[in-house]
Amino acid sequence: MLIIDSVQNAQAGHPGMALGMAEVGYILYRHVMKYNPKNPNWFNRDRFVLSAGHGCLLQYTCLHLSGFSSVQIEDLQNLCKLGSRTPGHPENVVTDGIEVTTGPLGQGVANAVGLALAEAHLAARFNKPDAVLVDHRTYCIMGDGCAMEGISNEAASLAAHWKLNKLILIYDDNHNTIDGDTKITFTEDISARYEALGWNVITVDNVHSDMGGFKNAICSAFNETQKPNFIRVKTVIGKLSRKEGTSKAHHGTFEDDDLKEMKQNVKWEDRKPFHVVPSVYREMRIQTEYGEALEEEWYSTLNYYQTKYPQAAVEFKILLGGGLVPGWEHSLPSWSKSDPVDATRGYSEKCLNQIAKVLPGLVGGSADLASSNKAYLHDYQDFSRPNSPWGRNIRYGVREHSMAAISNGIALHGSGLIPFAATFLIFSDYMKNAIRLSALSHAGVIYIFTHDSIGLGEDGPTHQPVEQLAGLRAVPRLLVFRPADGNETAGAYMMAVENRDRPSAIVLSRQKVAANLVGTSASEVKRGGYILSDNSLKDELPEIILIGTGSELCICEESAQRLREDGKKVRVVSLVCWRIFDGQSEEYKDFVLPKKVRKRVSVEAGSPQGWREYVGEEGRVIGVEDFGASGAYLDTFKKFGFTIDNVTQVARSMLD
C-alpha cells in the first residue's frame with residue numbers, strides 16, 4: 001500500500017515491478033541482507049543493486065521500513081518531486097542506502113559484477129584465517145528488459161568466468177515490458193542461457209504464495225562456491241490491481257475503483273494514505289539490530305587485525321580512507337628534452353605503472369587491447385579465481401560496455417579502489433551510457449582512450465575517431481584530457497586520480513610526440529589551459545593565438561616559430577582540458593585568451609564542434625568534418641590540413 005499510495009500521490013511512477021517483487025524485497029531486507037541503517041556506509045555490508053531501476057519504489061519502501069533516515073514517509077510522499085530524496089530512478093548521490101545509480105536497463109547487472117569483483121579481490125588481499133575483514137554478498141534485481149540488453153550478457157559472461165560466487169542475481173520473471181507481453185520479442189530460454197554462461201541457476205515458481213521457496217533459494221545460493229547465482233523468480237506484475245499480469249501495470253496510476261478494490265482485498269479501507277502498521281516497523285527492524293551487532297563485531301575484528309597484522313592493516317585503512325597516500329603524486333615520472341620520443345600512450349604506461357606502486361587501490365584493465373592501450377600493470381598479476389584473485393589487472397575481453405559499467409561498480413564499492421578502463425577512443429561510443437552514469441553517480445573511474453584521432457592511420461575511418469571528443473566533452477562533470485607530451489600526460493593522471501568523485505577520460509595518441517615539448521607543464525594541467533609560449537613583450541598582447549591539444553600542439557608551436565621569424569607576435573595555448581579551464585576565474589581565462597585578441601586558430605584532429613567558443617566569431621577552426629581516411633598517419637594529417645605549412649598559411653591569411 002505504500003507503493004500504491006506513493007504513485008497515487010505523485011501521479012507518476014512505476015508500481016508494477018515494485019508490487020510484483022514485494023515479497024522478494026521483504027525477504028531480502030528482513031531475513032537475508034546484512035546492513036546497518038544507522039551507518040549506511042559500513043564497509044562490510046551486503047550490497048544491493050536494483051538494475052530494474054524503474055522499480056525504485058520497492059527499494060525506497062524497504063529502506064523506509066528498515067529504518068534508513070534517508071527515506072522518511074515525507075520522502076515517499078515526495079516521490080519524483082523536484083529536489084526529493086526519492087527520484088524517479090535510484091540515485092546513489094541523492095539517497096543513502098542506494099549503492100549505484102540505475103535506470104538504463106542492464107547497467108545495474110554490470111555494476112553488481114563490479115561490486116562482487118571488488119569484494120573477491122579485497123578478500124583475497126586482506127583476509128586471514130583468524131581475521132576475516134571482507135565477507136559480504138552482492139544482490140541484484142534484474143528484469144526482462146535487463147535480460148534483453150546486451151550489457152547484462154557481457155557482464156554475466158565475465159561474472160561466471162571470474163567465479164564470483166557471492167553474486168546473487170534475482171530475475172523478476174513477470175513476462176512483461178512496456179510494449180506488451182515478452183512473447184512479442186523475447187522467447188529464449190533465459191535459464192538455459194545462464195547455465196551455458198556458467199551460472200548456478202535456481203527457479204522459484206511462485207513467490208506470491210511461497211515466500212519460503214525464495215528464502216530457500218537464497219540459502220542454496222549461499223552454499224555455492226564456484227559459480228555466480230541466478231535466481232529466477234516468477235512473479236505477477238502489478239499484483240493486486242486490475243492491471244496485474246499486463247504491461248499496463250508497468251507504469252502509471254490506478255483508477256479510483258481499482259484503488260478501492262485493492263484496499264478491500266487487503267482489508268485497508270479505513271486506513272489513511274501512507275499508514276504503516278507499527279508491528280511492521282518492529283518486524284523489519286529486527287534485521288537492523290542484527291546489522292548493528294554485526295558491525296560492532298566487525299570493528300572488534302578490525303582492532304584485532306591491526307594488532308596482529310599491522311602492515312596489512314595500514315594498507316587496508318588507506319583504502320577505506322579513499323585510497324590516496326599523501327605525496328603519491330611525486331611518484332609520477334618526469335621527462336627531459338633528451339628523452340626518446342614516444343606516443344602519449346607510452347608516457348601513459350609509465351605513469352600508470354609508477355603510481356600503481358604507491359596507490360594500493362589502483363586496479364583495472366583493457367577491452368582486449370592491453371598491448372595497444374599500454375594499460376597494464378607489469379608488476380602485478382591478473383585477477384583470476386581461484387588462481388590469483390589478488391591480481392590488480394582485469395582482463396575484460398572484447399566487452400567495452402560492461403567494462404565501463406563494471407568499473408563503476410568497483411569505484412562505488414566504497415573501498416578506495418581506483419579503477420581504470422582502457423580501449424580505443426572510437427569504441428568509447430560503445431561505453432557512452434556507462435560513462436554518463438560514471439559522471440552522474442560520482443564514480444571516479446579513469447578511462448584511458450588511445451588511438452585518439454585520424455592520426456592512427458591505416459585502419460581507416462572505421463577506427464579513426466572524429467566526433468568522440470566532442471561527445472565526451474558534452475558529458476557533464478566528465479574531465480576530458482588530451483595531453484600533448486609526457487609532462488601533460490603526468491598532469492592528466494594527477495588530476496584524474498585526485499578527483500575521486502568524478503570520472504576522467506585521458507585521450508592518448510598512437511603517433512609519437514616529444515617527451516618534453518618546450519613550455520608544457522604537468523602542474524599547469526590543473527588549470528585546464530595555459531600559455532605554452534608567447535614572444536610578446538610583457539605589457540603587449542599577441543597579434544594571434546594558436547590553440548591546440550594533443551599531438552597537434554607541437555604543430556601550433558612549430559607554426560608559431562615560423563610566424564615569429566616573420567616578426568609576428570604569437571601566443572600558443574594548450575587547452576588540455578576544456579571543463580577545468582571553463583571553471584577557472586574570468587581573470588585567468590582572459591589572461592590566457594584575452595578578449596581583445598580576436599585572431600585565433602584552433603588545431604585539433606577531431607570534430608570542430610565546440611571550438612567556436614574558444615576562437616570566437618573571427619577565429620578559424622582547423623578540424624575534421626568527415627570520417628577520416630585510410631593511409632599512413634602523416635599522409636592522413638596532410639590531407640586534412642594538420643601540417644605546419646597549412647596552419648602557418650591559415651594564420652598568415654588572418655594576419656594579412
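**Buried polar contacts, an annotated site and enclosed spaces**

The side chains of E604 and R473 form a polar contact of 2.8 Å. A polar contact is a pair of N or O atoms within 3.5 Å; within protein, one must be able to donate a hydrogen and the other to accept it, and residues adjacent in sequence count only if both atoms are side-chain atoms. The model is predicted: local features need pLDDT of at least 70, side-chain atom pairs count only at pLDDT 80 or more, and totals for chains, interfaces and linings use all residues. Residues are numbered from 1 along each chain as its sequence is written, and side-chain values use heavy atoms, with hydrogens and water left out.

E604 also makes a polar contact with W611, side chain to side chain, at 2.9 Å. E604 sits in the loop between β19 (600-603) and α23 (612-615). Helices (H or I, at least four residues) and strands (E, at least two) are DSSP runs, numbered from the N terminus. E604 is buried, at 1% relative accessible area. Buried means under 20% relative accessible area, exposed over 50%, and partly exposed in between (1.4 Å probe, protein chains only). Contact means heavy atoms within 4.5 Å. Beyond four places in sequence, the contacts of E604 are L469, R473, R482, T549, E552, W578, W611, I622, G623, V624 and F642.

An unreviewed UniProt entry carries the annotation "binding site" for D144 and N174. These positions are spread over 31 residues of sequence but cluster in space, with a largest C-alpha distance of 7.6 Å. UniProt positions are given in the numbering used here, feature names are shortened, and annotations may be inferred rather than shown by experiment. D144 belongs to helix α7 (residues 144-148). N174 lies in the loop between β3 (167-173) and β4 (176-177). D144 is buried, with a relative accessible area of 3%. N174 is also buried, at 8% relative accessibility. Residues up to four places away in sequence being set aside, D144 touches Y171, D172, D173, N174, H175, N176, T177, T182 and F186. On that basis N174 touches D144, T235 and I237.

The largest pocket has a volume of about 790 Å³. Its lining comprises 22 residues, of which M1, I3, A22, Y26 and L65 lie nearest the centre. Four helices each supply at least two lining residues: α1 (2-10), α3 (22-32), α4 (56-66) and α12 (278-308). Of the 11 residues of α3, 8 are buried, so this helix is largely enclosed by the rest of the structure. The buried residues of α3 are E23, V24, G25, I27, L28, Y29, R30 and V32.

The structure also holds 3 cavities of 30 Å³ or more. The largest cavity has a volume of about 110 Å³. Its lining is made up of Y29, M33, Y35, P40, R45, D46, F48, L63, F68, G97 and E99. On a 1 Å grid over the protein atoms alone, a cavity is a set of points where a 1.4 Å probe fits but cannot get out, and a pocket is an open set with protein on both sides within 12 Å along at least five of seven lines; lining residues have an atom within 4 Å of a point. Grid points are joined across faces, edges and corners, and a volume is the space filled by probe spheres set on the points.

Helix α14 (residues 344-356) has 13 residues, and at 1.5 Å a residue it should span 18 Å; its end C-alpha atoms are 18 Å apart, which agrees. The expected span is 1.5 Å times one less than the number of residues. Burial covers 10 of the 13 residues of α14, so the helix is largely enclosed by the rest of the structure. The buried residues are T344, R345, G346, Y347, S348, C351, L352, N353, I355 and A356.

The peptide bond from R385 to P386 is cis, with omega near 10 degrees. P386 lies in the loop between α15 (370-373) and β10 (393-395). L240, a residue other than glycine, has a positive phi near 90 degrees. L240 is partly exposed, with a relative accessible area of 32%. R477, not a glycine, has a positive phi of about 75 degrees. R477 is partly exposed at 25% relative accessibility.
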